[in-house]
Amino acid sequence: MEKYKTIDFSRFSSIKIGPKIKVKIIDENNYNGEFLIGNATNTLVSPNAKNLGILDEKYDFIEYKNGILKVGGKTKNRKLYRFAKEHNLGGFEFLAHLPGTVGGSVKMNAGVKEEEISNNLLALKTDKLREKKEFNFSYRHSDIKDPVFEALFEIKRDYDPALDIKLKNMRKNQPSLPSLGSVFKNPKGDYAGRLIEAVGMRGMVKGGIMVSDIHANFFVNTGGGSFEDMLYLINLAKKRVFETFGITLEEEIKIL
Ligand SMILES: Cc1cc2nc3c(=O)[nH]c(=O)nc-3n(C[C@H](O)[C@H](O)[C@H](O)COP(=O)(O)OP(=O)(O)OC[C@H]3O[C@@H](n4cnc5c(N)ncnc54)[C@H](O)[C@@H]3O)c2cc1C
């Protein structure tokens, strides 16, 4: 018998948008092409979304042995950050302020300028244990198609408290209202936020969504923002940036 749970995405997702729907609980034996949800911190869920899956609770774990960290795909980034800090393991300082799960973060190759989650990655357990090189990691991209049940990381250095503080300080000018983080990837040699600002959209409001006046690549929910409000602003930003600069902005967020 398949197991399901009901998730209200207007509460669960970090932008507080989405329907209340049944989501299949996924383990290694029952995956059948469902769209995986981690913590929905980078996913905009439409009112018509269906066929969603979420990993079983048993994939929330961390084990450390002989210089190798084995982490379940459902584990929260923040939990991994804390574990690494407590055990003096370096390379995870940037996860302190990066919401989401390890599975979602590996799929997105999440990171900051200094670090990406794939840097210390050795292998992933998807349909079977596979080496990192099979997944072609690049800036906010991987070729991962299956659920990430486990990630294996190599520890190359000690925890770096100075780096931890530096990264923390960099977060200080980030919007605090609900968002999905950066909506667009930065085009080569430029910043999506700069381009959106240059086409006059900083602070622009549609319904309950505002293009943040702190960081124009963050679209924030000021209350009651909808899927349609987000789409409107996303499409407008793409249109204006293309017409003005000839640059095609590519979404970093996933839209369902
Ligand atoms: C305030 C804020 C700040 C942010 N800052 C950053 C930042 O600095 N850098 C950055 O890179 N990102 C940032 N993000 C985006 C987000 O935190 C990351 O992309 C995060 O890694 C997504 O994790 P998630 O579990 O929420 O993934 P979800 O949004 O749930 O899913 C993202 C993608 O991963 C897939 N996925 C989810 N779980 C799994 C799994 N177990 N196996 C396979 N695929 C899976 C989904 O199908 C989807 O394609 C920020 C977001 C917010 C809200």
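A quick word on the model. This is a predicted model, in which local features need pLDDT of at least 70, side-chain atom pairs count only at pLDDT 80 or more, and totals for chains, interfaces and linings use all residues. Residues are numbered from 1 along each chain as its sequence is written.

Helices here are DSSP runs (H or I) of at least four residues and strands are runs (E) of at least two, numbered from the N terminus.

Now for helix α2 (residues 77-86), where N77, L80 and A84 are buried, meaning that 20 or more other C-beta atoms lie within 10 Å of the residue's own, with C-beta atoms placed from the backbone. Those buried residues line one face of α2, because they fall within an arc of 60° seen down its axis; the arc is that of the directions from the helix axis to the C-beta atoms. Just after α2, N88 takes a positive phi of about 55°.

The cover over the buried residues of α2 includes these elements, with contact meaning C-beta atoms, placed from the backbone, within 7 Å:

| Element | Residues |
|---|---|
| β6 | 62-65 |
| β7 | 68-72 |
| α3 | 102-108 |

Note on methods. A residue is buried if 20 or more other C-beta atoms lie within 10 Å of its own, exposed if 12 or fewer, and partly exposed in between; C-beta atoms are placed from the backbone. Two residues are in contact if their C-beta atoms, placed from the backbone, lie within 7 Å.
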